[in-house]
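Hi,

Here is the structure I promised to pass on to you. Have a look at it first, and then read on for my notes.

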Amino acid sequence: MAYALQLSIMKTLFSIFGLLSLVSASAVAQPLAGTQPHIPLGASWGMTLEQVQQLPALERTKDGALSHAYTIHSVSQTELVARWQGRTVSLFVTKDLGLYAINIEMTPQTIQHTPDAADPEALDLEQCAPIRLAIMRKYGSPSGLAITWDAQEHSPLPASPHRSAATEEEEASRWPYARNWLLWEGPETRLALGEQSVWYVSRLGLAQRERNKRERERERDLSFSRELERRAKRQQQIDAAREAVPSRAQSVAALF
């Protein structure tokens with residue numbers, strides 16, 4: 001009886017040891033997560049327009065004013081366009097969320113209007129490709145590929161277990177993704193890498209844009225339904241008027 005009890009205890013211990021070994025091996029086998037994308041320029045999500053305008057990273061004139069800056073106001077948001085590292089940067093602010101998205105052009109404005117800009121391929125290799133490669137190296141494998149920077153759905157990239165540095169450099173220099181965007185998802189921030197610019201957007205901002213999109217679609221559907229109803233009523237009126245033509249003709253016959 002004692003021997004059976006000892007045997008049972010030993011089997012239990014071996015089972016626990018085996019389970020711990022599997023868990024440990026699984027943890028070792030998992031690749032380390034890449035660096036999480038975070039908001040640039042020393043900014044933070046939710047900043048007001050006034051706070052955004054005070055960001056020290058933005059270029060300024062000698063008197064302290066923002067250099068080459070202007071704002072674009074719409075019903076739903078305000079876009080502050082400024083300069084950072086010689087590049088045009090757009091910062092998007094709403095009343096509800098504050099700062100929620102940042103777009104950065106890869107090519108400095110001073111280079112966009114020079115004779116060098118006449119060769120787009122050379123310009124891309126000199127200005128855009130190095131930035132794309134730096135982002136790929138910093139953040140590792142992207143979460144997927146999307147047709148827009150704010151898309152809710154994205155498709156996974158083809159699995160490449162033997163992805164080499166040469167492959168990474170080739171993709172950065174030739175950009176084989178057409179007009180699509182590579183995405184890196186973090187707990188608070190999405191990074192969307194395109195051919196000529198980079199987007200940073202807060203998760204709350206993405207959710208708000210999706211709600212706004214669905215609301216616009218709902219309003220569009222309602223408007224379309226109302227238009228169909230209006231056209232149907234008008235057609236009924238036209239049909240009724242056409243049917244009444246003979247009787248009306250009879251009533252006015254004596255006048256002519």
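Predicted model: local features only at pLDDT ≥ 70, side-chain atom pairs only at ≥ 80, totals over all residues.

The protein chain is built from 6 helices and 8 strands. If you trace the chain from the N terminus, the elements come in the order α-α-β-β-β-β-α-α-β-α-β-β-β-α. Of its 256 residues, 32% count as buried. Take the contacts between residues at least 6 apart in sequence: 53% of them join residues at least 24 apart.

The accessible surface of the protein chain is about 17,500 Å², and carbon and sulfur atoms account for 57% of that. Val252, Leu255 and Phe256 together make a nonpolar surface patch of about 400 Å². You will find Phe256 in the segment after α6 (203–252). Is Phe256 buried or exposed? Its relative accessible area is 85%, so Phe256 is exposed, the cut-off for that word being over 50%.

Finally, the largest pocket, which has a volume of about 590 Å³. It is lined by 26 residues, and those closest to its centre are Ser76, Gln77, Tyr100, Arg209 and Asn212. Which elements give two or more residues to this lining? They are β3 (87–94) and α6. The largest share comes from α6, with 8 residues.

Enjoy exploring!

Best wishes

Key:
Residues numbered from 1 in each chain as written. Heavy atoms only, no water. Helix = DSSP H or I, 4+ residues; strand = E, 2+ residues; numbered from the N terminus. Buried < 20%, exposed > 50% of the residue type's maximum accessible area, 1.4 Å probe, protein only. Contact = heavy atoms within 4.5 Å. Areas by Shrake-Rupley, 256 points an atom, 1.4 Å probe, with all protein chains shown as cover. Patch = residues over 30% accessible without salt bridge, like charges linked within 9 Å, V, L, I, M, F, W, Y side chains within 5 Å. Salt bridge = Lys/Arg side-chain N within 4 Å of Asp/Glu carboxyl O. 1 Å grid on protein atoms, 1.4 Å probe; cavity = no way out; pocket = protein on both sides within 12 Å on 5 of 7 lines; lining within 4 Å. Points joined across faces, edges and corners; volume = space filled by probe spheres on them.
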